[in-house]
Every structure is written in C-alpha cells, then in structure tokens.
There are 2 protein chains.
Amino acid sequence: MPELRRDPVSNRWVIIATERAKRPMDFSTRSEEPKSNFCPFDYGNEYTTPPEILSFRPKDTQPNTPGWWIRVVPNKFPALENNLKLERYGHGMYDAVTGFGHHEIVIETPDHNATVATLEVEQVEEIIWAYKARYNAIASDENIRYVLIFKNHKKDAGASLAHAHSQIIGTPIVPKRVQEELEGSRMRYKLKERCIFCDIIYQERMESTRIVEETEDFIAINPYASRFPFETWVLPKVHNHDFGQIKEKEVQGFAQILRNSLARIYKALDDPPYNFMLHTAPATGDGKNFYHWHLEIVPRLTKVAGFEWGSGFYINPTPPEDAAKFLRGVEL
Amino acid sequence: MPELRRDPVSNRWVIIATERAKRPMDFSTRSEEPKSNFCPFDYGNEYTTPPEILSFRPKDTQPNTPGWWIRVVPNKFPALENNLKLERYGHGMYDAVTGFGHHEIVIETPDHNATVATLEVEQVEEIIWAYKARYNAIASDENIRYVLIFKNHKKDAGASLAHAHSQIIGTPIVPKRVQEELEGSRMRYKLKERCIFCDIIYQERMESTRIVEETEDFIAINPYASRFPFETWVLPKVHNHDFGQIKEKEVQGFAQILRNSLARIYKALDDPPYNFMLHTAPATGDGKNFYHWHLEIVPRLTKVAGFEWGSGFYINPTPPEDAAKFLRGVEL
C-alpha cells in the first residue's frame, strides 16, 4: 500500500510506492526492453483497462466497448488508491499519511496517432468537459484536499504510453507548489486587496512583449520569470479561483487557446516533449478572492541538473520575450 | 548580460541567459550533433579554458600547463558573471537583479576516464580541499549570499562534458530550496532548541533501517522522505552549519564516506547518471545553531513529470528502507 511521507525540514511530501517496489535491476539504463505494439487505449482494447468511470459515446453503445470519443478510466497502476482508509500517523519525528487518493486517466481521443496540438478544437472542448466533470466529482470527496489535472507528452516528459491521454490525481494534502502559490497570492491580497494573477494579466497587457495570444476570455503568456524555454501560461481574464466552475462559453474559449498554444509549441519546436499542469484553488474552497486558476505548459527542452535540484533556481537560456515573439509568429 | 528574475507568486528565482539566447532551432531533439573527442579538461589543453583560479600541482610546474591533480577554472559559459555591477531593480510589479555571481569548475582528476566513485580516496580528499578553498573565497565576497557546490554526472543528469568535474555557483540571493530548509530548521529550533538534522541523525541511528554507512564522524542515510530511488544524504555527526569550517580530520572522513556512497550507487545501479548538491548555511552567517550542512546525492533513474512539476510531490517507487539495504550490501 502506498504511503505519503513528509520531509520534516522542507515540508515537501513524497509518495512511496511500497507495493511495486523497484529493485536496482529494474532501473537498468543500458538495455531498453522492446515495446509491444499493443495499446490499451485503442478501440477494441477497452477490456484491458479498469472499467470506465466516464465516457462520451453514442447512446446506442455499451460501456467499455468502442464508439466513445472521450474515455476516463482508473489508472491501472495508481500512485494513490481510493479503497484505503485515510489515516494520518506519526513515525517517531516523521509524519505519514496512508496512500489514499484518486488517480484517473483521461483518454483524449480514440485515434492512436493523434496529438492534442492537432486535434479539432471541438474534440479539445470535449476533453475540457471531461476534466470539469471528473474534477468536480473527485473534489466532492471530503477526504480530498486537492485535485491536479496534468499531462505528460512523450517519454522524455514522463509518458509511458504514446496514445494521447492526461491524468487526474486527487490528494489528501494540498501540494507544496500550490501552497506556495496560495501563500504568495494571499499575502498580496492582504497588502493590496487585489488578485496577483489579475495584476500579472494587467501588466502583461500593458507591456504586450510576453503575450502569445489574447482572446475574448483568455490570455496566453510566456511568464516574466519563465523557468523553461517557451514555458506558456494560459489564464482566464476574468478572475476565478476555481476551474470546477468553468462555464460553457469559457470551455470553448479555453479549448481554443489551449489547442493553439500547444499547436504553436508543436510547430515552432518540432513536437517536443512537454508537460502541462492545471493549477486551481484547493478543493477545500480556500482562495476565492486571491487565487486564480491557470494552466502551465512546460516544453522539456533543457535538462534539470544539480544547480536546479540544489537551489530551486532555474537557468532559462531563452528570454520569455524572445520565446513569445517566436510563438506569436507561428502560423496556425 | 544574464538577469535574475523573481516569480511574484511563488518567489522562485530564475536566471535568464539573455546573452546566448537560444532560438527554437537550437533545441532540435531529432538530430544529435556528432561530438568531437576534444576535451578541454585533459592534460595539454589547459590553454582552452579560462586561466586557472586554483590548482594543486608540483611546485616546479607552471600554471595552466600539465602536471596538476586538481584544477579550478572559471566556467567558460557562466550562468552568472562576476564582472557585473550587482543591482536590484523593479520592472513594473516584477523584481530583478543583474546576473552577478561566480561560476567555477572543479576538474576532479586529470584522468579523462576516471569517475569519483572509483578514485583513490586520497584524490577525493583533494577535491574536498579544493571545495573548501573556493567555498571560503567566494563566500567572502560581500555581494554573495550563497555558495552552492554541485555535480552533474552524465548527460541525463545535465553534464555537458564527460570528464569528471563539479561546479561552484555563488549567488547574490539565498536560493529557495535552502531558504525552505533554513525556515524549517529555524522553526524547529524555536520550538525545541535543537537542530532538526541532529534529531534526524538520532532517529536514524535508533531505527538503523535507512543507514547506508556510519563512520566515526559521518553518517550516510536514505532519508525517510526520499524523493528519488536510492537518494542518499551524507551528514557530519557533530553539529556544524558551515561547510567552510570543515577540519582536516573531517575532510578525510567526508572524502571516505562520499566516495563509498558514490561507489555503492555505481556498483548497485551500473554507474547511473546522478547529481549531488552540498547544502550549507548561507554566506551571510545565518543558521549557526539550527542549520546543519550535508550533501544530497540523487541518482537520476526516474523521469520527473507533470505531477511532480505541478505539485512539488515526488513519486518514489523504491522505499528508502529497501534502497538502504541494497546499498549497505554492496561490496566496496
């Protein structure tokens, strides 16, 4: 059973997967096992995943059979498990929590070779609707404090399957990175009674050099302190702390600018590995006035090395002003 | 000129390398350029690095010629530059600092094919003496707040040259990760008047399951909340916040346990890529009673993906108790 453990000095949490513990020989970097061509996310292989939690499919089709255009299933190898009792306990001076949580997979298209950057925008809207539905369902679990939606694209970004999919993990703890953003925005609100993300949008619109695209409801920027080359954030222009409240018109606008941002990165950088992470307020309801949901896309072009691990500093060889200019110039 | 920029929400800093700005085509992942066999760290190529800052060499040899056994040179492509004026300035709502700092390379051996894990321990002692000398020299710069010593081993851990070397970066800011450790240990000290790292050593000795090796003056453990499989920390058993104060007997003990820890990882995991980072108190003198210097070794066996970037959580598939047992069992 997985276990959550807290580092007592820095307060970061780790998930220790005690069940499928890896031994040294499992990490061999020298030999790559030949991959089979079997894909559990293809039509006809629905029986190889755990039974679907949600699917968008024609009314005359059965669950766990072909025909769907979006399918959400539990992760077959979950980092956290929702059939455990949530318990918080001490281990001497250390703190631990049972590995309770939710871990789901959103299969974004039945097309094995498609990628979100080149999907029709209507299909991306369907992905966002699935996110919203599962976000709200998991967030309503009273033992869940945070729900993170994220995507790993390609092996170098941590994807173990090539078929387009994203993941949703619900945790019984508010993660450190979110906590930091919450604290930073809470302090700013105390000082100024304004949302710091709204201030960022204001300044970016004033300067315009780091804007990749602006639409009626959304803005895509390369942030001033980008950690990575071509890092792109997508923010709703109207303040809202909670992604779970996204409305129909916003779903359309969000799908459009997300697809465009990914398409720009795809074209400018030749389909690089990337991650994206959707940051929203905790499921506990904190952050209403001062937090502002957004999505962060990080192309994985540089290696994170000792300096970054040791300091938390990042070295970014591409100024965001240059990156935004390139991305703006991409023909969609 | 490089620029330090602060993310206003999370307070993390980035170094934007404006000088050698990379364009999209510089990141091509498809074609690997053929590497030349020329190594600037080999005997006879001393003229290709900037002039040496420090070297351990026979008295009858000239600087920047062969004969040395340790050589420290400025990084030819520094992340930060020490010929700039340190200035802190605002950019609208954002904060920036000129890219002032020190960036040096410690060439750990003249042997192009050697690796620290298999060096004679006497040579590792020489490396530690070089660290100490350069640490204290850079820390004495009144504009420097932190000096980070770290190592990237192999390309997947961020090394751009194969010849064994480590790096030293001095920054005008205390890095976020160190700040977090400082705050955590300061709070503990307020509460208990004890060093949290001394408490960790006490508990680890009591349990013994996560100890890799213990010597007269040092202990190597796989920490309770290890982020990565086989993550290993080396700590001095006697409380000291400042690596710069390390004494002769401790240099010997530290060299021995560091070499042994790297040798265990080398043998158990078939010479994997790894990073190590030396964490010590800031150059400003903060942390005397409550901080405790230590070195963190992280083998790079798993991919950091969207969940880690988005949450600051880590998923570790090898419990530290299992990892420590394997590492203890390695024949040295």
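Predicted model: local features only at pLDDT ≥ 70, side-chain atom pairs only at ≥ 80, totals over all residues.
Residues are numbered from 1 along each chain as its sequence is written, and chains are lettered from A in the order in which they are written. Local features need pLDDT of at least 70, side-chain atom pairs count only at pLDDT 80 or more, and totals for chains, interfaces and linings use all residues.

**Exercise 1.** Determine whether Glu183(A) is buried, partly exposed or exposed.

Solution. Glu183(A) lies in helix α2 (residues 176-192) of chain A; helices are DSSP runs (H or I) of at least four residues, strands (E) of at least two, numbered from the N terminus. A residue is buried with 20 or more other C-beta atoms within 10 Å of its own, exposed with 12 or fewer, and partly exposed in between, the C-beta atoms being placed from the backbone. Glu183(A) has 13 such atoms within 10 Å and is therefore partly exposed.

**Exercise 2.** Describe the side of chain B that touches chain A.

Solution. Contact requires C-beta atoms, placed from the backbone, within 7 Å. In chain B, 77 residues are in contact with 77 residues of chain A. Helix α2 (residues 176-192) of chain B gives the largest share of this side, 7 residues. By class, the side holds 40 nonpolar, 20 polar and 17 charged residues. Nonpolar means Ala, Val, Leu, Ile, Met, Phe, Trp, Tyr, Cys and Pro; charged means Asp, Glu, Lys and Arg; the others, Gly among them, are polar.

**Exercise 3.** State in which sense β2 of chain A and β15 of chain B pair.

Solution. Pairing requires at least two DSSP bridges between two strands. Strand β2 (residues 13-16) of chain A and strand β15 (residues 314-316) of chain B have 3 bridges, in the parallel sense. Ile16(A) stands opposite Asn316(B) of β15(B).

Terms used
Contact = placed C-beta atoms within 7 Å.
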